[in-house]
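Please read them with the model open beside you.

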Amino acid sequence: MRFYAPKGTTDILPDMAKKWRYLERKASDLFEKYEYEPIVTPIFEHTDVFQRAIGTSTDIVQKEMYTFEDKGGRSLTLRPEGTAPVIRAYVDNNMNQMPQPVKLYYTGPMFRYERPQAGRYRQFFQLGVEAIGSDDPAIDAESILLMIDYFRSVGLKELTLYINSMGCENDRPKYVELLKQYAIAHEQELCKDCRKRVELNPLRLFDCKEESCRRVMEHAPKITDYLDEDCKNHFNAVRRYLDMQGVQYIIKPELVRGLDYYTKTTFEVVSPLLGAQNAIGGGGRYNKLVEEFGGPPTPGIGFAIGLERLTIAVEKEGAFVAMEEKTDAFIAVADKAVKEPAVNLLYALRGAGIATDIDYTGRSLKGQLKYANKKGFRYTIFLGPQELETGIVQVKDMKTSEQYAIKLNELVDWLSNIVKSQTMGSGVTKQS
Ligand code: AMP
């Protein structure tokens with residue numbers, strides 16, 4: 001009997017997981033520079049949380065949620081996205097009483113029952129931020145600029161930023177009615193699902209991937225032509241802030257994104273390095289969501305980035321070379337007789353903060369060296385009876401093949417200095 005990971009999920013093995021940790025670390029460092037703070041919410045929520053926030057006529061709620069009943073008869077859903085849980089937590093924990101805006105970031109798995117393909121999975125990971133409590137267009141720009149800044153910080157160069165305004169309760173109903181009339185006039189050209197959407201929620205027609213529907217929607221009325229004064233001014237202000245920072249963007253009036261909670265600004269970044277699933281991140285403003293969850297009227301804005309797609313793009317850009325080099329050491333034990341002093345040295349090095357390992361399978365010295373090489377340790381320390389006697393060990397830099405004779409009682413300091421100089425970014429200087 002053999003078991004396989006469920007369809008649409010993958011095991012993230014160490015080589016990939018290290019890249020993920022790097023991307024997550026870069027994200028938290030940068031998000032914290034923009035003064036966002038971490039938040040962790042449950043992986044499952046009451047199903048109503050998503051139905052209410054995302055909207056019952058969206059693809060996510062209609063077909064993609066992992067919904068189940070627990071033993072207490074509650075309907076729960078594995079989170080398909082991160083904004084609704086964060087807003088639920090904001091209201092639940094009276095975070096409106098904290099100084100506003102509350103700026104948060106999160107990372108973790110999301111779940112959607114989608115048809116798996118390259119860049120589209122049933123369990124995928126997102127990095128996201130939310131700024132709750134401000135309707136200032138400057139914070140819309142901050143959200144967009146933070147996403148772009150992050151992509152650049154991990155080495156992505158070729159990106160396209162799309163922005164749009166979806167209007168608000170004052171101008172959207174009029175626009176949606178126009179859109180509906182337009183869709184009714186083209187009903188014959190729409191797919192079965194879209195015909196249902198015409199009555200239910202015409203904005204969702206923009207989500208359809210069917211060629212015929214896309215052709216119809218290309219010529220549909222554009223929301224940007226129907227914005228009221230406030231939404232128009234807001235959008236123009238966001239654009240000015242982006243212009244001030246020299247960020248290029250394309251206005252895409254059909255960018256409605258697949259969730260119902262958006263108001264005013266929406267945005268998305270696509271990478272030309274990806275295939276069909278080329279959106280690596282997207283977000284927007286949600287000025288009604290806090291109220292939906294029973295909180296006081298509170299505007300908010302945020303975005304989410306897909307970690308799998310980001311990894312593919314960074315890989316294609318060849319930008320993982322920028323990952324910090326690891327300074328770690330392997331103790332090659334030349335003789336079983338020195339195993340105990342070798343283990344002592346192992347803990348002395350680890351205690352000094354140096355990643356170190358030793359053989360646990362009884363390999364010969366040659367076998368240990370082969371293992372150290374394969375695993376990519378930076379330094380190999382040779383320890384045998386002779387080294388103990390003379391108090392001098394041989395240390396080989398596996399990258400440069402240089403060999404050093406180091407006094408055993410100075411070894412910890414010697415390696416610590418190398419680690420320190422590396423983390424300070426000054427690189428290793430040759431020592432002897
Ligand atoms: P969304 O929550 O739909 O706005 O998606 C935000 C980002 O998450 C997208 O730009 C993708 O990078 C990523 N994403 C969304 N759905 C999936 C999926 N099924 N598999 C992998 N990544 C996804």
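1. Start with the contacts of Glu-114. Once neighbours within four places in sequence are left aside, Glu-114 is in contact with Glu-64, Arg-120, Tyr-121 and Arg-122. Note that this is a predicted model, and the contacts should be read as contacts in that model.

2. Is Glu-114 buried or exposed? Its relative accessibility is 17%, and buried means under 20%, so Glu-114 counts as buried.

3. Gln-117 is also worth a look. Gln-117 is placed in the loop between strand S5 (102–111) and strand S6 (123–132). Its relative accessibility is 28%. The partly exposed class runs between the 20% limit for buried and the 50% limit for exposed, and therefore Gln-117 counts as partly exposed.

4. Which residues does Gln-117 touch, not counting residues up to four places away in sequence? They are Ala-276 and Gln-277. Gln-117 and Ala-276 are 159 residues apart along the chain, yet 9.3 Å separates their C-alpha atoms.

5. Next, consider a charged group. Asp-29, Glu-32, Glu-35 and Glu-37 form a patch of negative charge on the surface. One of these residues, Glu-35, belongs to the loop between helix H1 (14–33) and strand S1 (37–38). Glu-35 has a relative accessibility of 59%, and exposed means over 50%, so Glu-35 counts as exposed.

6. For charge over the whole protein, there are 58 positive and 60 negative charges. The mean position of the positive charges and that of the negative charges are 6 Å apart.

7. Now the overall fold. The protein has 15 helices and 16 strands. Its C-alpha atoms fill a box of roughly 90 × 55 × 45 Å, taken along the principal axes.

8. Last, burial and surface. The protein has 432 residues, and 49% of them are buried.

Note on methods
Residues numbered from 1 in each chain as written. Predicted model: local features only at pLDDT ≥ 70, side-chain atom pairs only at ≥ 80, totals over all residues. Heavy atoms only, no water. Patch = residues over 30% accessible without salt bridge, like charges linked within 9 Å, V, L, I, M, F, W, Y side chains within 5 Å. Areas by Shrake-Rupley, 256 points an atom, 1.4 Å probe, with all protein chains shown as cover. Salt bridge = Lys/Arg side-chain N within 4 Å of Asp/Glu carboxyl O. Lys, Arg positive; Asp, Glu negative; His and termini not counted. Charge placed at Lys NZ, Arg CZ, Asp CG, Glu CD. Helix = DSSP H or I, 4+ residues; strand = E, 2+ residues; numbered from the N terminus. Buried < 20%, exposed > 50% of the residue type's maximum accessible area, 1.4 Å probe, protein only. Contact = heavy atoms within 4.5 Å.
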